[in-house]
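Student: I am new to this structure and would like to go through it in short questions. Please show it to me before we start.

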Amino acid sequence: MSSGLLRLCHRDDIPEGAARGFLPLPGATRNVIVVNRGGQLHAYMDSCPHYRGGTPMAWRKDAYLDAEGGHIACHAHGALFDIETGACVSGPCLGRKLTRVPLSEAPDGSISVPAQVAGRAAQEG
């Protein structure tokens, strides 16, 4: 694995139609949300843009999707976000987006993020 990357998980750790949160490093205050939709992985910082500094979005561990599994949901504000784009489609932050996190997948299925994501996770907490 490249030295500029931090391993989050294995592709198989995120079933189709599911979302999970991963801390990029121990001690980070924000998760990286990874959603598997149609075999594509999408990742965002766990930080609703409704308030400056963001708000964690899950009401319990890995509860990042709405009841239908069609959108990422901020359970603190009721906002819904498009899984593919991170754009707010309903709620108090219309016109804003979640902060996308680039993912890298190794041949063995390991999913990693750039090391600077750990710094962002620490700053947003």
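Student: Which residue in β7 is the bridge partner of L80?
Tutor: This is a predicted model, in which local features need pLDDT of at least 70, side-chain atom pairs count only at pLDDT 80 or more, and totals for chains, interfaces and linings use all residues. Residues are numbered from 1 along each chain as its sequence is written, and side-chain values use heavy atoms, with hydrogens and water left out. Strand β6 (residues 79–81) runs antiparallel to β7, and 2 bridges join them. Within β7, the bridge partner of L80 is S90.

Student: What is the strand order of the open sheet of 3 strands?
Tutor: Strands here are DSSP runs of E with at least two residues, helices are runs of H or I with at least four, and both are numbered from the N terminus. Two strands count as paired if DSSP finds at least two bridges between them. The pairing in this open sheet is antiparallel, and the order is β5-β6-β7.

Student: Which are the edge strands, and what does the twist average from one strand to the next?
Tutor: An edge strand pairs on one side only, as β5 (72–74) and β7 (88–90) do. From one strand to the next, the twist averages 35°.

Student: Is strand β9 (residues 110–114) largely enclosed or open?
Tutor: Buried means under 20% relative accessible area, exposed means over 50%, and partly exposed lies in between, with a 1.4 Å probe and protein chains only. In β9, 5 of the 5 residues are buried, so the rest of the structure leaves this strand largely enclosed.

Student: Which residue in the hairpin of β8 and β9 takes a positive phi?
Tutor: This hairpin has 4 residues between the strands. The positive phi, near 95°, belongs to G109.

Student: Which residues does G54 touch, not counting those up to four places away in sequence?
Tutor: G54 sits in the loop between β4 (40–45) and β5, and its 17% relative accessibility is why it counts as buried. Its C-alpha is 9.9 Å from that of R30, a residue 24 places away in sequence. With contact taken as heavy atoms within 4.5 Å, G54 touches R30, S47 and C48.

Student: How many helices and strands does the protein chain have?
Tutor: From the N terminus on, the elements run β-β-β-β-β-β-β-β-β-α. That comes to 1 helix and 9 strands.

Definitions and conventions. Axes fitted to C-alpha atoms, helices over the stretch in contact; angles between N-to-C directions.
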